[in-house]
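Have a look at the chain and its fold, then read on.

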Amino acid sequence: MATRGLTRRSFLGAAGIGTLALTAACTGFATTGSGGMLFLSTQFRPADEADRFRNLLGKTAPGVSYVTIEESPFASQVRSQLEAGSTQVGLLGGLHGDIAPLADGYLEDLTGLLADLGNRGWPAAYLQLARAGTDRTWYIPWATASYVLAAHADALQHLPSGVDATALTYEQFLDWAIAARRANGNRPMLGLPAGPKGLLHRFTQGYLLPSFTGGQITTFRSAEAVTAWQYFRELWANCAQSSTNFDFMQEPLASGEVRMAWDHVVRLVHAPEHDPQDWRMLPAPRGKHGLGYMAVVAGLAIPKGSTDAELAQRTISALTKPETQIELLRSNGFFPSVDTAIPDDLPPAVRLEADAVDRQQQAQGAILSLPPVGLGQREGEVSKVFKDSFRSIVLDRADIRATLDQQARVLQGILDDLKVPCWAPDPVADICGVG
């Protein structure tokens, strides 16, 4: 993940189906049809990604059938099977936000398995996430992805004197964007993924607000949040205005339409293919509260009543070995969750991204942020709050304070309905509240 790709297929299952073939027919599972223990996952849903992962799984964990499902029905399907007393699944895979909500009685405690696996070098922050606010481990970190900056030599030459590109502040990032625009005949060189399918809302959620305010939800309408959005207006004034059409930044970067950009690692990886020596991948800037960054953390969990708990544990062990993690990086672009060296024979862009991701994670004052957790089908409504805030404040130049107050009411209404705890970087609370 964080330096990888994500997507999925559909699964609208019902409990109590006796065979894999019938399960696939009746539930919409995307599966191999090869039989064996079902491994249900929200990851690698596109056909090519699923096929590559099944090939890897066949070599490392024979007897396991990989089935994909969209995020929204994932938790409800697992719950419905367990509550009906007819679990059809042996192993679960998904992002932290997919799995953590199931820790309330639907997952096996993997604290012992984690100890048996030994010190594979998982980051302490990932292991804390895997405990889902308890003293037990509910999933084993599997893989990770993130978002970084990409810059071509054409833009790097305009980096202000004395500024370290690997340790930017947000003010230095803005100065760089201004300098690059001016040197380019007043044509911006910076682009952001603000298109219909772009991930710009993750920039606000995981990078800008945590860096400026220290939080995401509990600081949503704070005075520091107003400052963050004022900054965003200035940054946007130095962005290519065609950014509102950009979904994947690798395309305008590769064409030369822009020469520097922020995006998910998977959506940047093809930009440096033809001239990798002219590219750098950089960690995100830092603000007053630190370097906010969003980690897309995937984990492996075992449902209560697993059809084959022993095979599930062996599969987790196999998939978290360093060599298998590197193979996943090669095949599907998801970075290792364990401590292992990145080989020199990987594609140049992947090596560049690996360094940037590592710098983000290891940065002094790094602030780990997560995509929303426990929202199920309403996650899109929360994302819309951030998208609408951007549209009103940055594109339409609406009053910042009034916009944040209005959107805070929308956000609080969703959270009041769901009664879910906050997610990183906001402090743990039984019910998350907008501040």
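## Ground rules

A residue is called buried when its relative accessible area is under 20%, exposed when over 50%, and partly exposed in between, using a 1.4 Å probe and protein chains only. This is a predicted model, in which local features need pLDDT of at least 70 and side-chain atom pairs count only at pLDDT 80 or more, while totals for chains, interfaces and linings use all residues. Residues are numbered from 1 along each chain as its sequence is written, and side-chain values use heavy atoms, with hydrogens and water left out.

## The cysteines

With 11% relative accessibility, C422 is buried. C432 is buried too, at 1%, and C239 also comes out as buried, at 1%.

So what joins C422 to C432? It's a disulfide, with 2.0 Å from S to S; the rule asks for a pair of cysteine sulfur atoms within 2.5 Å. That rule gives a count of 1 disulfide. The link of C422 and C432 is right-handed, with 90 degrees about the S-S bond. Both C422 and C432 sit in the segment after α16 (400-418), 10 residues apart. Helices here are DSSP runs of H or I with at least four residues, strands are runs of E with at least two, and both are numbered from the N terminus.

## The sheet

Strands β2-β1-β3-β10-β4-β11, in that order, make up an open sheet of 6 strands with mixed pairing. Two strands pair if DSSP finds at least two bridges between them. At the edges you'll find β2 (64-68) and β11 (335-336); each has a single partner strand, so one side of each has no neighbour in the sheet.

Further in, β4 (residues 140-145) and β10 (residues 296-301) run antiparallel and are joined by 5 bridges.

## The nonpolar cores

A nonpolar core is a set of buried Ala, Val, Leu, Ile, Met, Phe, Trp, Tyr and Cys residues joined through side-chain atoms within 4.5 Å. The largest one has 138 residues, and F39, F53 and W142 have the most contacts inside it. Helix α10 (residues 223-236) supplies the largest share of this core, 8 residues. Apart from it lies another core, of 7 residues, including V269, A349, V350 and A354.

What does F53 touch, leaving aside neighbours within four places in sequence? F53 is in contact (heavy atoms within 4.5 Å) with F39, F44, Y66, W142, L319, L328 and N332.
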